[in-house]
6 protein chains.
Amino acid sequence: MGEDLIEQYRIRSEPYYRATGNEIALYEAAYSVRMPLMLKGPTGCGKTRFVEHMAWRLGRPLVTVACNEDMTASDLIGRFLLDAEGTRWQDGPLTLAARHGAICYLDEIVEARQDTVVVIHPLTDTRRALPLEKKGELVRAHPDFQLVISYNPGYQSMMKDLKPSTKQRFGALDFDYPEHGVEAEIVAHESGVSLQLADKLVSIAERARNLKGHGLDEGISTRMLVYAGSLIVQGVDPLAACQMALVRPISDDPDMRDALDAAVATVF
Amino acid sequence: MGEDLIEQYRIRSEPYYRATGNEIALYEAAYSVRMPLMLKGPTGCGKTRFVEHMAWRLGRPLVTVACNEDMTASDLIGRFLLDAEGTRWQDGPLTLAARHGAICYLDEIVEARQDTVVVIHPLTDTRRALPLEKKGELVRAHPDFQLVISYNPGYQSMMKDLKPSTKQRFGALDFDYPEHGVEAEIVAHESGVSLQLADKLVSIAERARNLKGHGLDEGISTRMLVYAGSLIVQGVDPLAACQMALVRPISDDPDMRDALDAAVATVF
Amino acid sequence: MGEDLIEQYRIRSEPYYRATGNEIALYEAAYSVRMPLMLKGPTGCGKTRFVEHMAWRLGRPLVTVACNEDMTASDLIGRFLLDAEGTRWQDGPLTLAARHGAICYLDEIVEARQDTVVVIHPLTDTRRALPLEKKGELVRAHPDFQLVISYNPGYQSMMKDLKPSTKQRFGALDFDYPEHGVEAEIVAHESGVSLQLADKLVSIAERARNLKGHGLDEGISTRMLVYAGSLIVQGVDPLAACQMALVRPISDDPDMRDALDAAVATVF
Amino acid sequence: MGEDLIEQYRIRSEPYYRATGNEIALYEAAYSVRMPLMLKGPTGCGKTRFVEHMAWRLGRPLVTVACNEDMTASDLIGRFLLDAEGTRWQDGPLTLAARHGAICYLDEIVEARQDTVVVIHPLTDTRRALPLEKKGELVRAHPDFQLVISYNPGYQSMMKDLKPSTKQRFGALDFDYPEHGVEAEIVAHESGVSLQLADKLVSIAERARNLKGHGLDEGISTRMLVYAGSLIVQGVDPLAACQMALVRPISDDPDMRDALDAAVATVF
Amino acid sequence: MGEDLIEQYRIRSEPYYRATGNEIALYEAAYSVRMPLMLKGPTGCGKTRFVEHMAWRLGRPLVTVACNEDMTASDLIGRFLLDAEGTRWQDGPLTLAARHGAICYLDEIVEARQDTVVVIHPLTDTRRALPLEKKGELVRAHPDFQLVISYNPGYQSMMKDLKPSTKQRFGALDFDYPEHGVEAEIVAHESGVSLQLADKLVSIAERARNLKGHGLDEGISTRMLVYAGSLIVQGVDPLAACQMALVRPISDDPDMRDALDAAVATVF
Amino acid sequence: MGEDLIEQYRIRSEPYYRATGNEIALYEAAYSVRMPLMLKGPTGCGKTRFVEHMAWRLGRPLVTVACNEDMTASDLIGRFLLDAEGTRWQDGPLTLAARHGAICYLDEIVEARQDTVVVIHPLTDTRRALPLEKKGELVRAHPDFQLVISYNPGYQSMMKDLKPSTKQRFGALDFDYPEHGVEAEIVAHESGVSLQLADKLVSIAERARNLKGHGLDEGISTRMLVYAGSLIVQGVDPLAACQMALVRPISDDPDMRDALDAAVATVF
């Protein structure tokens, strides 16, 4: 039954991914020794897409968990459910992945409480085991299992950071928004706009990213450019599309909105 | 059974909505690419009515959730209930909407805890999936499903704001109270008072809105004007109706009450 | 079964209520358009009695809920109970009232957590619906249903106040202690003392109310005067009755007690 | 079954109580109109014994609840228990008392959370009803039911005090340690020491009570004197008995211990 | 069944206890009037052993509970467990002791939350009763039952102290580390080292105890000396044994470690 | 069944461990008197491996628990699970180990709440017993049972430290990173790189460890060097391997990264 379940997480067709360096080769080396990996980088720059691509390339199912403050260890590991014949154990996503050899991707791990984070420790050293204490079972990880986490250094603070004893259990790959031409290529491919229009959208994003830390928490991501492009393809006026997809979502401050609107107006 | 359930959320007759710009066309373009939308604006200016109108116009059921601080992820996603034959899974409103192709409207999303907000992430990127981790099911969203959230920038603060990684998953539409003539038309239509009397009520509201931030947290909304009109139609004296529906609910401060009473007295 | 249950909440005989203004007519107008109402005023001035009287006058059952900090949404809406045949849904007081056309009175609403307060929103706009998310049912309010809340502005603070988006869903009626003659009449009627003695008790209360904010959190309420009168009718010496019912309950501060005792001694 | 249960709380023999004023008559008057009562006074001065005595004198069972911070409303009201035939309702102590006409004594009420305190409101006004919201039952209080609470003004603070809306639902009786001769009589009666020795113990207590607020949180109570007397009756040396029962329990501060030891040494 | 259960807590052979004063006689007097007792003193000085010895001497079973912050009242009193025939009541350790006449020893009572502490009140006054509110039973304590608590004054603070209303329900006995010769005798007896070597170990402890409050939270306890002695008997070098059992466990501060190592080196 | 369960925790083959002092002899002496042990030292220096080695050497199963803030006493001790025949007791890892004579290793004990820590007390004194209060059973520890905890003094703070009453129940062994030659030997053995390359990696680590406390929370551990070596064996360029495994995981600070990169560049 677990085998049927894990098949849901298999990626059927190649996810589009445009490499920007040697990250594919480094991931493959890390996977070959099953080194746990930490992907660092800002929101919406392509970390999730990269893991999807690698899972497809390596032929492994991908179990993704969006971490959050109230996620408990049981949400990762599993729990007993009450059934007609009494209690039945239900593997959580981490156990499912460990048992059946999937890649388990814990997205935005710093959001989780440290007690939840700590349950991954025995899977990230030579033991590669996961004790299901409530069930009284010691799950030995499948040889194909790998653990990947994502981490946004921009959020990092004294209050929310991984413990050193967690960090050093992972190799790390840095991610950032792609360089101009590559990003335009991605936007054109994903939204359907022309490369020329995509180039303009990237220019707007680059101006906005320079405002990060000067009143903007985050710049405009590649994902947002794809949204703007999609609206334009639907016939929405480029100015209105950019306001709706790029400017209004990220700021309510009148001055910042003016600055962003000006960046849009310069280009269109 | 889910199909019967979702029919409860279908809107039978056209909800009255008076457009104030190109918001209907922009919503339709966004819906055609299933872009998640964020509606920004003050309390009682018509955001909820707009979504109801669009759901009716697009022929989609509308599942509305009033967000709050103690809403858990399970309140959105669903949970197991104990039954005569053991446990039975009960879809939460988000799962119900995703599975059956409704529009899911999360009202006042900033009230929810970030961990609850984060569960919408996989429904707002290209995956359009919702993992029911407790059930071990990966729900692929119905092609007609769309996610809409509302957001009151007036409440926004360091403590309660959406994370950048959430914000940039949405296109955004701004809302505000309608301009004078349009608002009077709405008040007359909804309460049954004459356009002339509705015009007076709107004048009172406009004076009160200028006091926002000077001792008033929020101005007088369109909804409150409709309440005042309804009382007048019931035969209540306009001064008493305005005190009961416009002044007393929003302030206990004697000076502010005097200022608001004066605004009422000037008009009637 | 719900019908039997709601009958428990029907008020059999006319509750004594002495009107002090046009509040009965205003309530009736509000009820005729089913406008949600907020009753504002100090503790023990007669808000609860007024709602009881109006429920009796309008022939509607009255479901009262004393709000508190730890009241959950489920305490208002209902929950599943485990039964011999599995789980059985139990309507909470708000659902009971909405379903069967009662007046639901939420006493001291500011005591409740905002997340609990927010569940009343869909019942207070044109939808007049209550989604029972755990049950997967959308309850349409009975045409006779009305929501009434009470609110003590004296407690209002930054920490505990209703959100503007809640406040503006209600019409508001102000209450205060009745004027001297009316209050004496009430005290005499309720306790059985002579009007002359009741007049003396009201005089004491008026002196104490002037001390509110000068070391007293609340003045002496009408209810406390009725208690004092009842003791006197039982043969307790008026001075001892006033100390026991009016002075000792509200202050432990020696100076304040002296001031209150002096007020009592002046009258008796 | 409830009738059998309540019989456990009936007081079989007269509890020793030495009146110090007109408190018995005042209590009887209050009980005859079923006025809720608040007993104020320091720890160990005889409040609990007084209620036991009055319950015996009035022939009513006495249900006592020691209040605490984590007591929930359900701990007072009752809850469903799972049984072979599904769920079974279990009355809490407050419901038990209200249903069967006992006196319900909530000891140290300020320790309870306000939300728990608030559940007593409908039992303390003219309604005399207790809504069991989870059970869907409205319990009308038995005609013999009375509510009594105790309250230690020494603990009272901004953080832990009763709300004015609670306080004014009660008549109040003040208690303090009895005057010298009466207290000696009580100590002799309860411990078995001679009146002469009891007199010495009371002298020690009086010196210690003068230190209250000067390094001691509470003085030496009547109960502690009874303990010391009991040890002396067992053959323990009076000095050792006083150290063990009067000094060591209330202070670890060397200077305070010296002062208390000196008070003991002066007497013996 | 409870009788079988309580037998587990009977102490079969005499626990070694070396009296240092009249504590055995005082305890016996207190037990003969069933006075609740509070044992005060630093960690590891023999309080637990003393209670074990007294329980053996008096022929009473001893139920020990290590108190902690998250211990609930149910952990002391008991709870319903779900069984094949529905729910079954399970006495907690306090109820077990009260019902069957054991001595109940609550170790480190200040660690417990006040609400948990308060459940012992009705067992510590003349009522000697324990209301099992969830079960609807009023347990009258067995005539042999006694309550003993331990208390470390060194931890006492504003945040964590017993309430005066709790403290004065107990007689108190002070404990401290035994004087030199007695402590050496104990160490020799318990570890098997010679009296001469035990004498050296005690000398080290005495030096360390002088450092308490000057960088050390607690001194070296008798228990730790027994550990060191045991290692020496196993053939470990005395210096290494003292580092492992006396120095390293209590400090990570290099200067403090040097001071303690010097104390060890002086002796060996 | 418990016997089958505990066999899962038996270590089949000798875990590689390179001793750096007399720690094996000291552990064996401590085990022979069943003294509870505390292993102190920085993250990733080999504490866990040492316990695995000792468990193998002593032929005892090893039950490891990664402690965390939200671990409850029940997570250690066990709980009742609902089954077809009602409730069934499930031993927690501590009970399992105590009952069947395993070594129980509580990793990073300071992470646990004090209330959870306190449950180990009765297992660490002469009683060697574990009361299962919910089950009403007193488990006497198996003669072979031993308790071991780990403790990172670098994390120690006022907020998170063991109580003195816990600390002094343990003997303590200090651990640190091995000296240069030994560490290179370990890295070569575990990763498969040459001793010469391992020597270079150790040099990088030593430079990084000097930065601890000057912007780095923890230095580079032996485990991280093994990761870097493994990547190099996979064909990754040494510079890229060191960045991925040694530099990027532990710092996001540009200056610190430069310093660490320089340390890498100097060596390769």
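Trainee: In this predicted model, how many salt bridges are counted between chain A and chain F?

Mentor: The model is predicted, and side-chain atom pairs count only at pLDDT 80 or more. A pair needs a Lys or Arg side-chain nitrogen within 4 Å of a carboxyl oxygen of Asp or Glu. Between chain A and chain F, the count is four salt bridges.

Trainee: Which residue of chain F meets Asp174(A) in a salt bridge?

Mentor: Asp174(A) brings its side chain to the bridge. The N to O distance is 2.5 Å. The partner is Arg257(F).

Trainee: Which elements of chain A supply at least two residues each to the side that touches chain F?

Mentor: Take the helices and strands in turn. The helices are α2 (23-32), α6 (114-117) and α7 (164-167) of chain A. The strands are β1 (37-40), β3 (78-83), β4 (86-91), β7 (137-140) and β9 (171-174) of chain A.

Trainee: How many residues of that side of chain A are charged?

Mentor: Sort the side of chain A that touches chain F by class. It has 18 nonpolar and twelve polar residues. The charged residues number 15.

Trainee: What area do chain A and chain F bury between them?

Mentor: Start with who takes part: 45 residues from chain A and 46 residues from chain F. The size of an interface is often given as the accessible area lost when the parts come together. Carbon and sulfur atoms carry 53% of the area buried by chain A and chain F. The total is about 3800 Å².

Trainee: What kind of rotation axis relates the two copies?

Mentor: Chain A can be laid on chain F with an RMSD of 0.0 Å. That takes a turn of 60 degrees and a shift of 0.0 Å along the axis. The two copies are thus related as by a six-fold rotation axis.

Trainee: Now chain E and chain D. How many salt bridges are counted between them?

Mentor: The contact joins 45 residues of chain E to 46 residues of chain D. One salt bridge pairs Asp174(E) with Arg248(D), at 3.6 Å from N to O. The count for chain E and chain D is five salt bridges.

Trainee: How many residue pairs are in polar contact across the interface of chain E and chain D?

Mentor: Both residues of a pair must be at pLDDT 80 or more. The N or O atoms must lie within 3.5 Å. Across the interface of chain E and chain D, the rule finds twelve residue pairs.

Trainee: How far apart are the nearest C-alpha atoms of chain A and chain C?

Mentor: Chain A and chain C do not touch. Chain B and chain D have no contact either, with their closest C-alpha atoms 11 Å apart. For chain A and chain C, the nearest C-alpha atoms are 11 Å apart.

Trainee: What percentage of residues 183-266 of chain A is helix?

Mentor: UniProt, in an unreviewed entry, places the feature "domain: CbbQ/NirQ/NorQ C-terminal" at residues 183-266 of chain A. The end C-alpha atoms of residues 183-266 lie 20 Å apart.

Terms used: Residues numbered from 1 in each chain as written. Chains lettered and ligands numbered in written order. Predicted model: local features only at pLDDT ≥ 70, side-chain atom pairs only at ≥ 80, totals over all residues. Heavy atoms only, no water. Contact = heavy atoms within 4.5 Å. Polar contact = N/O pair within 3.5 Å; in protein donor to acceptor, adjacent residues only side chain to side chain. Buried area = accessible area lost by both parts, 1.4 Å probe. Helix = DSSP H or I, 4+ residues; strand = E, 2+ residues; numbered from the N terminus. Nonpolar A, V, L, I, M, F, W, Y, C, P; charged D, E, K, R; others polar. Least-squares fit on C-alpha atoms with pLDDT ≥ 70 in both. UniProt positions renumbered as here; feature names shortened; annotations may be inferred.
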